[in-house]
Structure formats: C-alpha cells, structure tokens
Amino acid sequence: MKAVVYTRYGPPGVLRLADVEKPVPKRGEVLVKVLAVSLNGSDWETLRGKPLYSRIGGPFRPQHHVLGSDIAGRVEATGPDAALFRRGDAVFADILSHMGGFAEYASVPQSALSRIPAGMSYEEAAALPQAGAIALQGIRDKGRAGAGQAVLINGAGGGSGMYAIQLAKLLGAEVTGVDNTGKLEFMRSLGADHVIDYTREDFTRNRRAYDLILDLAAYRSPLACRGSLKPGGRYLYVGGSVATLLQVLLLAGLLTGRTDGRKIRVLAARLGVQHLTPLIELCQAGKIATVIDRRYPLNEVPEALRYLGEGNAKGKVIVTVE
Ligand SMILES: NC(=O)c1ccc[n+]([C@@H]2O[C@H](COP(=O)([O-])OP(=O)(O)OC[C@H]3O[C@@H](n4cnc5c(N)ncnc54)[C@H](OP(=O)(O)O)[C@@H]3O)[C@@H](O)[C@H]2O)c1
C-alpha cells in the first residue's frame, strides 16, 4: 500500500510517499481502509521532534514512521477476536498512541474505533477526534466554562480552538480568542467576542482577567497567565513549550492551597472517540460547525503539514485518501 513515511525528525521535506506492507490485523484489531485523515498540531510536532515531549518513545529517531492520528474510513477486514465491526462499516478513531493514518490502510484496536454517526461525512469524522476531545474537556469538563464567564483561548484559530470557541459560546461564556494576524477574522466568524493578535499584543499584559484560560499554544510564563486569572479562575496547559509545561507542573504543586483559588493545571485529555458524544450531538444539531480549511491528497501530506505548521490553517486541514 501507499503511505507517507519518515525516518528522521525534520521539516516536511523528510517525508516521502512510499510502498509499504499493508498491515495485517492482529488479535482484537480491525483493518481500516482510510478515506480521510485530519492534521493536528501533534503531527507537526512529532514530524519535527519539537517540543521535546513529542520525542517520548523516540528520543533520537521517530518511534512511528507514519504520522496521522485522526482517521475515518471503512472496515476492510477484522482480526481474531475483533467481532464488534463488520466489513464495510464506516468508522473513525484517534490513533495518537501508534499513529499510521497517512496511509491507505491502518490496523486499529477495535476498542479505539466507533461507527461514524448517521449523516456525518468521513471528513467531518476525521476532523473531530483529537481537536474535539481537547475542546470538550478543556472548555466544559475540566474548564467548567459557564454563562457569563470570561474565557480566553490561546491558539484559538487552529483545530482545537475552532471547536473550543464555539463550545464556550454555546455555554454562554464571553470568549477572547488569541492567534496570529491572519486568523483574527476567522475567530470572530466562529463567535469570539474579542480577538487578540499574539504577534502584536501579550494577553498577560492587557490588565484583563479571565475565569478560564485554555492554553493551546503555551509559550508564555504560566505565572504571568496566573496574573490574568480572576479569583477562582483556572489555567489549563494543553500544548506548547516544555519549559512552560515544567513551570506549570511546578507551580501547580507550589500554589496548591492558596486561598484565592486560582488554579494552574495541565489538561491531560482523555482521547478516544467514545468520549465525544456530547460534541457529536451538538454537531449533528447544527450548533457546532466543523470548518475545513483545505483538503490535500495523500501524496501532498508534506505540503499539508507545511501549511499547518507555518500557521496558515484556519480550522482543520484534511487529507483525503483515494
Ligand atoms: N494535553 C493533551 O492531552 C493533548 C492531547 C493532544 C494534543 N495536544 C496538544 O494540543 C496542542 C494544540 O493542538 P491543535 O491541533 O489545536 O493545534 P493547531 O491546529 O496547530 O493550533 C494551534 C494554534 O496556535 C497558534 N499559535 C502558535 N503559537 C502561538 C502563540 N505564541 N500564541 C498564540 N497562538 C499561537 C497556531 O497558529 P500559528 O502557529 O501559526 O501562529 C495555531 O493556530 C498541540 O500542542 C498538541 O500537541 C495536547
């Protein structure tokens, strides 16, 4: 089968389309004919091996040679003890732990798969898994955003931010989206009440305070972010620099028990499409839209990743596999 492979960390140029062995589903696995894969910030990070957390499992060379984690497709075959699905079922999954989506076929543990809900396209199903889980847990479950609360989403013009802005608005929050100049209009179109261009303004210095800061691109000092929280406010680190991550972990311990209740935490999202039901229902009811910025064929995965990594993508970028 065709797959886009790489054997060393680097820019999109290290990727190449190659003929590789079609996987054979092992016990409990299902072979999926991949029809659509969405790109995530994590693909870009694991391609380059930056930040350092993207090298967990492969400090010097990539652990997995095929990237791509959010897949949608059709069941082609089932392995031993994998009776939950049948050939032809339309399914989707987040396979971040072992990757392999930028390929014609992927072998997936049946526990990671769900059927694509009625009326949902393969592309929308591929867009949802990782970005949807981060938005749902970061805004609703752990972020506890609610009516009248001030919510700031840093990195709001990307994949997770696209769902996070809409969800926070639906919950009645006043939303500030932060991203680069080219994404300001896009964030407004999703419902953001205020937008901040991070290339011109540091949101930690504008003297505004928030009930929730969801940090999808955490490169600023968490102590400064804490200064932008209202009493009782929450800061959640989702992705960004390792230095910020370590500071968050340190501060979370040091500040425990402080009386004004401001909390600094890492969001460790529970990934898996089985947790996405509330978001899927909102999508099906037409209350949350999946915005697909661009589509690329499999052989153009390097261009697609470059587009994402250079900060152009507004919403999701999808690779469609023939
Ligand atoms: N915690 C968890 O459980 C978990 C699970 C999976 C993934 N993640 C992480 O979640 C993060 C977000 O993923 P995603 O797929 O939503 O990424 P994405 O689609 O690439 O979106 C990130 C957005 O942040 C913007 N950005 C970059 N630097 C910024 C800065 N200094 N200030 C404000 N915005 C900035 C990017 O635009 P520009 O680059 O261009 O300007 C982009 O629009 C990734 O780091 C990923 O590793 C976390």
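The dialogue below takes helix pairs, ligand contacts and backbone angles in turn.

Tutor: This is a predicted model, in which local features need pLDDT of at least 70, side-chain atom pairs count only at pLDDT 80 or more, and totals for chains, interfaces and linings use all residues. Residues are numbered from 1 along each chain as its sequence is written, and side-chain values use heavy atoms, with hydrogens and water left out.

Student: Why are α3 and α4 called oblique to each other?
Tutor: The axes of α3 (residues 129–141) and α4 (residues 159–170) come within 8 Å and cross at roughly 40°. Angles under 35 degrees count as roughly parallel, over 145 as roughly antiparallel, 65 to 115 as roughly perpendicular and the rest as oblique. The pair α3 and α4 is therefore oblique.

Student: Which residues make that contact?
Tutor: On α3 they are Ala131, Gly132, Ile134, Ala135, Leu136, Ile139 and Arg140, and on α4 Gly159, Ser160, Tyr163, Ala164, Leu167 and Ala168. Contact means heavy atoms within 4.5 Å.

Student: What makes α1 and α9 roughly perpendicular?
Tutor: The axes of α1 and α9 (residues 301–309) cross at roughly 105° and come within 10 Å. By the ranges already given, α1 and α9 are therefore roughly perpendicular. Gly41, Asp43, Trp44 and Leu47 of α1 meet Leu305, Arg306, Leu308 and Gly309 of α9.

Student: How many residues surround the ligand, and which are the closest?
Tutor: There are 26, and the closest are Glu45, Lys183, Tyr198, Leu267 and Gly311. A residue is near a molecule if one of its heavy atoms lies within 4 Å of it.

Student: What is the peptide bond from lysine 50 to proline 51, cis or trans?
Tutor: That bond is cis, with omega near -10°. Proline 51 sits in the loop between α1 (41–48) and β4 (70–78).

Student: What is phi of aspartate 81?
Tutor: Phi of aspartate 81 is near 60°, a positive value in a residue other than glycine. Most residues other than glycine have a negative phi, and most peptide bonds are trans.

Definitions and conventions. Axes fitted to C-alpha atoms, helices over the stretch in contact; angles between N-to-C directions. Helix = DSSP H or I, 4+ residues; strand = E, 2+ residues; numbered from the N terminus.
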